[in-house]
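Here is a short briefing to read alongside the sequence and the model. The points are grouped by topic.

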Amino acid sequence: MRVTAQALYNITKCAHRVYLDANGDPKDRSEVGSFVKLLWELGLQTEREYIGTLDDVAVSFVGRPDLLLKRRDLASRFGVYGYEPIDIKAGKGWEERDGKRTKFKDHYAFQILFYRLLLERIQGASLPIGRIVNVEKQLEEFPVADFEQDFQEALAEAQRLISGQNTSEPVLGSHCQLCQWHRRCERWVTEQEDPTGLFFVGKVKFRLKEVGLTTIQDIAAMDVNQYLKPPKKIPRTGKDSLMRMKERARVRLAGKPEIRPGFSFPARTREIYFDIEDDPTRGVTYLFGLLIKEQERAPDFQYFLAKRPDDEEATVRAFWEFLRTAGEEVYYVYSHKERSTLKQLMERYDLDPAVLETYKSKEYDLYTDLIVKYSDWPTYSYGIKQIAKQIGFKWRDPDPSGANSIAWYNQYLANPTDEAPLQRILAYNEDDCLAMVAVKDYFEHVSASSHSCSPTEREGS
Ligand code: SF4
């Protein structure tokens with residue numbers, strides 16, 4: 001039985017993955033995607049491969065931190081020095097809101113605490129802080145004490161899962177997209193009619209199961225009032241959440257999307273469908289893709305592309321200029337990522353904040369303000385790929401994904417004489433924009449044909 005730092009990372013995302021990695025049938029593993037392969041090449045996921053070479057070594061806890069820093073301020077068994085483990089991460093450690101640090105990411109902290117535990121056994125000493133090098137190449141520090149208890153619990157659970165003492169179940173969600181067990185778990189969820197086949201259920205399913213809501217049929221048939229008071233009260237789940245869940249279960253069983261009335265779109269003659277591509281492993285934003293739709297004219301795809309990471313600043317500045325000089329358009333996006341990336345870039349390059357404020361006033365997030373608010377879909381994820389495919393939209397690329405876009409970008413950087421990967425990125429980005437157009441058109445079409453009907457009416461009918 002081997003517990004690795006990778007397992008401690010994974011357990012913060014999905015306990016079942018830890019179980020399957022140790023006990024799953026290898027035949028059920030899908031091929032590793034090109035993005036995951038890229039991460040391996042970059043040395044960000046080498047641990048599992050390395051540990052695979054230790055077959056004959058009797059060990060139970062194994063980890064390989066990226067760096068060991070020799071510290072003179074840490075007395076250990078070795079003398080008046082000791083070692084501190086540091087990991088290099090493709091993201092930031094501290095989450096921020098309104099410029100204030102809110103929380104250090106537990107998946108990073110758990111890995112550092114694991115290395116610290118291993119080192120403590122060897123050198124008999126450790127520091128009260130943990131540190132990572134983040135994507136901006138800065139050292140970020142967190143207090144170990146904040147995570148100690150949760151870490152010990154996660155470690156004990158990882159041991160039980162890896163040894164097979166505990167089994168666990170899939171919890172389908174957006175975190176599954178890069179997981180090798182994805183197909184297996186999707187199959188299981190479909191066969192079992194598991195509640196995580198519904199959007200936004202996630203780990204709540206364990207609370208649902210405790211009160212007898214074990215399948216999507218159970219949820220579709222539930223009397224919501226029964227689950228608002230003891231003995232079947234579901235902790236931290238109110239009436240609105242249960243009503244939405246019931247509605248989604250009904251939609252899932254019917255296999256057809258349902259659109260609610262009440263939505264509207266800004267009346268603009270110029271619509272811009274906007275999608276950013278970035279590479280978190282390099283900390284670079286390499287593409288701003290814009291599909292511009294003006295009345296009577298064919299849609300026009302324009303873009304700002306940083307062919308090399310060093311071109312990022314010039315590319316962002318050119319894009320800022322585009323934003324500054326644009327007119328009365330509306331920007332359709334499919335996540336909050338565009339505005340948060342623009343904010344980061346503004347801070348990185350000291351760009352005019354007024355431009356971002358104007359952009360924000362013109363932005364319409366189709367995911368948050370339309371899909372989640374005004375519709376239900378028979379799928380566990382409301383990502384653009386799942387939603388657009390439901391309405392018959394097809395990407396030109398046989399394997400379209402943001403993760404693959406990153407892999408293609410790195411493929412191009414490795415051999416800039418071949419621009420085919422860049423063309424693939426551009427076509428993929430344009431199709432993402434066209435998928436947004438298809439989604440908006442679909443809503444307009446449904447609205448025009450008045451096929452909508454409110455869930456409240458249905459609930460009472
Ligand atoms: S596919 Fe999802 S539920 Fe299944 S093991 Fe992977 S992360 Fe967990």
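Which helices each supply at least two residues of the shell around the ligand? They are helix H2 (15–23) and helix H7 (182–192). The model is predicted. The assignment divides the chain into domain 1 (3–163), domain 2 (193–255) and domain 3 (270–448).

**Ligand shell**
- The shell around the ligand holds 13 residues.
- Cys14, Pro170, Cys176, Cys179 and Cys185 come nearest to the ligand.
- H2 gives the largest share of the shell, with three residues.
- By class, nine residues of the shell are nonpolar, three are polar and one is charged.

**Four-stranded sheet**
- Four strands form an open sheet in the order E3-E4-E7-E8, and the pairing is mixed.
- Strand E3 (67–71) and strand E8 (139–143) are the edges, each pairing on one side only.
- On average, neighbouring strands of the sheet are turned by 35° against each other, direction ignored.
- Helix H5 (residues 106–123) packs on this sheet and touches E4, E7 and E8.
- The direction of H5 makes about 155° with that of E4.
- Within the sheet, strand E4 (residues 82–88) pairs with strand E7 (residues 129–133) in the parallel sense.
- Three bridges join E4 and E7.
- Isoleucine 88 has valine 133 of E7 as its bridge partner.

**Domain 1 against domain 3**
- The C-alpha centres of domain 1 and domain 3 are 33 Å apart.
- On the domain 1 side, 11 residues are in contact with eight residues of domain 3.
- The side of domain 1 that touches domain 3 has seven nonpolar residues, three polar residues and one charged residue.

**Helix pair H12 and H13**
- Helix H12 (residues 337–349) and helix H13 (residues 353–362) have axes that come within 10 Å.
- The two axes cross at roughly 175°.
- An angle over 145 degrees counts as roughly antiparallel, and H12 and H13 are therefore roughly antiparallel to each other.
- H12 brings Arg339, Leu342, Lys343 and Met346 to the contact.
- H13 brings Pro353, Leu356, Tyr359 and Lys360.
- By class, the contact of H12 with H13 has five nonpolar and three charged residues, with no polar ones.

Conventions. Residues are numbered from 1 along each chain as its sequence is written. This is a predicted model: local features need pLDDT of at least 70, side-chain atom pairs count only at pLDDT 80 or more; totals for chains, interfaces and linings use all residues. Two strands pair if DSSP finds at least two bridges between them. Axes are lines fitted to C-alpha atoms, for helices over the stretch in contact, and angles run from 0 to 180 degrees between N-to-C directions. Two residues are in contact if their C-beta atoms, placed from the backbone, lie within 7 Å. Domain bounds come from an automatic or database domain assignment. Ala, Val, Leu, Ile, Met, Phe, Trp, Tyr, Cys and Pro count as nonpolar, Asp, Glu, Lys and Arg as charged, and the others, Gly among them, as polar. A residue is near a molecule or strand if its C-beta atom, placed from the backbone, lies within 6 Å of it. Angles under 35 degrees count as roughly parallel, over 145 as roughly antiparallel, 65 to 115 as roughly perpendicular and the rest as oblique.
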